Amino acid sequence: MRTLTVRAGRTLDYINKKKYLYLLLLPCVVYFAVFNYMPMYGVLIAFKDFNFAKGILHSPWIGFENFRYMFGLSDFYQVFWNSLTLGLMQLVFGFPFPIILALFLNEMRSLAYQRVTQTVIYLPHFISWVIIGGIMVNFLSPSWGVVNLFLGKLGIEPIFFLAETEYFRPLVVLSSMWKEAGWGSIIYLAAIAGINSEQYEAASIDGASRMRKIWHVTLPGIKSTIIVLLILRLGQIMNNGFEQIFVLQNPMNLEVSEVFETYAYHVGIIGGRFSFGTTVGLFTSVIGLIFLLLANRVAKWMKEDGIW
Amino acid sequence: MNVRSPADRIFDIANYAVLTLFSLACLFPFFYVAAFSVTPYSEYLANPLKLIPSRLEFGAYQQIFDMPVIWSGYRNTILITVIGVAINITLLLMSAYPLSKTDLKGRNVILMLITFTMFFNGGLIPNFYLVKSLHLYNTLWSMILPGALTAYNLILMKNFVGAIPRDLEESAFMDGANELKVLWRIIIPLSKPAIATFVIFHAVTQWNTFFSAILYTSKRDLWPLMLILRDLVVEDGGIARDVMDSAANVSTFTVKMAVIIAATLPIIVVYPFLQRFFMKGLLVGSIKG
């Protein structure tokens with residue numbers, strides 16, 4: 001009992017000594033509790049027959065009813081397939097592109113030219129998807145878009161790119177590569193800058209060509225960065241990017257464009273089915289977390305650094 | 001030693017050519033939109049690849065700036081940008097300093113809980129419900145508060161503050177200063193480059209606000225610029241019909257091009273000044289949370 005009071009007294013002394021630091025930290029703790037942990041508590045909605053008037057606590061439990069319903073829906077499998085295919089395509093094409101870009105940017109001899117190139121290719125990252133989507137819709141329009149006007153001059157019938165299902169995924173992947181690859185290359189360039197220059201000198205003495213140096217020095221030098229970013233990316237495999245999909249989506253391409261994020265919005269917010277919308281969201285979050293943990297485990301197993 | 005082999009030369013030429021092409025591809029759409037926002041529509045239809053108009057027409061700009069909805073969009077966007085950045089930077093600085101103290105008790109637990117939010121979140125509906133229950137729905141705050149502080153940026157800022165040499169602080173403590181004074185007099189002035197970076201990042205994020213506006217507002221007078229843009233340019237919604245119905249003899253296409261430029265211009269104008277703030281080191285420190 002006495003030791004307990006002594007310990008409590010010491011803790012109070014410590015807090016008093018550091019009171020300004022704890023005071024400074026208070027808004028941050030409150031912020032994360034309210035804006036991040038409250039919504040995590042909110043996932044309980046998925047297990048309840050949620051009613052706004054009753055709130056989360058007083059709505060009746062329904063257990064896994066929503067999940068059972070979801071797994072019985074054919075729509076669900078369509079959406080799952082769309083999210084997964086698009087996620088994999090974004091991974092296969094979108095992930096290596098910034099790495100390649102960084103490798104070749106690093107090979108530019110003129111530093112001034114390199115800087116200008118970097119400035120230009122970072123630009124699209126700062127422009128909203130609404131603007132990019134607006135440009136795409138208008139460039140690709142069958143009636144007034146430049147692409148079709150040009151095809152028309154070649155005698156090709158207009159193509160309604162955003163309505164034909166086979167063009168949707170390539171358009172999404174290409175536009176996000178165009179928008180984000182430049183910005184994505186920063187982190188790899190920084191990693192390349194950290195490679196010991198002696199390794200390049202040794203390779204030069206051995207008579208290695210530029211391509212060989214890229215392959216045998218630069219690439220191994222940034223391997224751990226690539227792995228960390230790949231793990232993080234795998235955790236996002238089911239997140240296709242709401243804003244991009246949303247602006248490019250229309251009733252005619254819905255069959256391929258409806259992904260988990262837009263589906264949760266449509267059933268939850270537009271349809272007002274809060275419990276089911278939460279279920280869809282929770283399912284995606286859990287899949288993402290599983291992918292992240294698995295990827296990290298595989299990295300560790302291959303004797304690489306994981307993310308923790 | 002510095003003699004370049006033919007293979008080297010070919011490599012260089014190909015490298016410069018490909019990277020230059022990609023740079024041009026990054027700029028071209030904006031240039032194109034700008035060109036056709038001041039070109040008569042008939043010239044566009046005659047030759048959509050003619051980038052230099054025979055005469056400049058600013059009628060489309062006049063028309064969009066005559067629309068009250070554009071001004072309310074600008075007002076909302078500027079408000080959520082300015083207030084959002086102020087809140088974001090204040091929270092970042094207040095939180096990063098104590099979190100950079102490795103010996104502070106409880107710090108590791110808090111940091112872990114913050115990092116966890118990067119990998120798991122409640123999802124769309126629980127966030128929507130939170131905004132509703134805090135009575136932020138249909139207020140500008142719904143576009144300011146959620147996302148005002150993110151784990152990723154906080155960890156970056158914490159790493160930056162943690163790299164400031166300790167002895168600077170120690171001497172201030174010797175002189176009897178407390179932590180608040182040290183934060184104000186030493187940490188904040190030394191963090192200016194990081195602060196500038198986050199001001200820019202968050203300002204751009206806020207300027208581009210779209211997702212939270214779609215989710216958390218239902219009134220047109222609360223719409224930020226990006227929602228108005230979507231209605232006009234992507235959806236051909238109510239605002240686009242107003243444009244078509246108006247008697248002005250500017251084509252809807254030209255108005256769309258003009259409104260894209262009007263909404264993008266602030267970013268393009270400040271963009272060249274951003275470059276010097278992109279701190280590679282700041283980004284790299286973050287990879288390992």
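These notes walk through a predicted model with chains A and B.

1. **The interface.** Start where the chains meet. In chain A, 72 residues are in contact with 69 residues of chain B. Helix α2 (residues 19-41) of chain A supplies the largest share of chain A's side, 14 residues. By class, the side of chain A that touches chain B has 50 nonpolar, 17 polar and five charged residues.

2. **The core.** The largest nonpolar core has 133 residues. Within this core, B:M157, B:L229, B:V259 and B:I260 have the most contacts. The helix that gives the most to the core is α10 (residues 165-193) of chain A, with 10 residues.

3. **A helix pair within chain B.** Look at helix α12 (residues 225-234) and helix α14 (residues 252-274), both of chain B. Their axes lie 10 Å apart, and the helices pack at an angle of about 165°. An angle over 145° counts as roughly antiparallel, so α12(B) is roughly antiparallel to α14(B). The crossing of the two is left-handed. From α12(B), the contact uses B:L225, B:L229, B:L232 and B:V233; from α14(B), B:K256, B:V259, B:I260 and B:A263. Seven of these residues are nonpolar, none is polar and one is charged.

4. **B:V259 up close.** This residue belongs to the α14(B) side of that contact. B:V259 touches B:L229, B:L232 and B:V233, and also B:I64, leaving out residues up to four places away in sequence. B:V259 and B:L229 are also among the core residues with the most contacts.

5. Helix α16 (residues 260-270) of chain A packs against helix α6 (residues 124-133) of chain B. The angle is about 40°, and the axes are 10 Å apart. The two helices are therefore oblique to each other. Their crossing is right-handed. Chain A brings A:A264, A:Y265, A:G268 and A:I269, while chain B brings B:L124, B:I125 and B:F128. The contact has six nonpolar residues, one polar and no charged.

6. **A:G277.** Is this glycine, A:G277, buried or exposed? A:G277 counts as buried because it has 28 C-beta neighbours inside 10 Å, and the cut-off for buried is 20 or more. The residue sits in helix α17 (residues 274-301) of chain A. Beyond neighbours within four places in sequence, A:G277 is in contact with A:A264, A:V267, A:G268 and A:I269 of chain A, plus B:L124 and B:I125 of chain B. Of these, A:A264, A:G268, A:I269, B:L124 and B:I125 also take part in the contact of α16(A) with α6(B). A:I45 is 232 residues from A:G277 in sequence, with 9.2 Å between their C-alpha atoms.

Conventions
Residues numbered from 1 in each chain as written. Chains lettered and ligands numbered in written order. Predicted model: local features only at pLDDT ≥ 70, side-chain atom pairs only at ≥ 80, totals over all residues. Contact = placed C-beta atoms within 7 Å. Helix = DSSP H or I, 4+ residues; strand = E, 2+ residues; numbered from the N terminus. Nonpolar A, V, L, I, M, F, W, Y, C, P; charged D, E, K, R; others polar. Core = buried A, V, L, I, M, F, W, Y, C linked by C-beta atoms within 7 Å. Buried ≥ 20, exposed ≤ 12 C-beta atoms within 10 Å, placed from the backbone. Axes fitted to C-alpha atoms, helices over the stretch in contact; angles between N-to-C directions. Parallel < 35°, antiparallel > 145°, perpendicular 65-115°, else oblique. Left-handed = near helix turned anticlockwise from the far one by under 90°.
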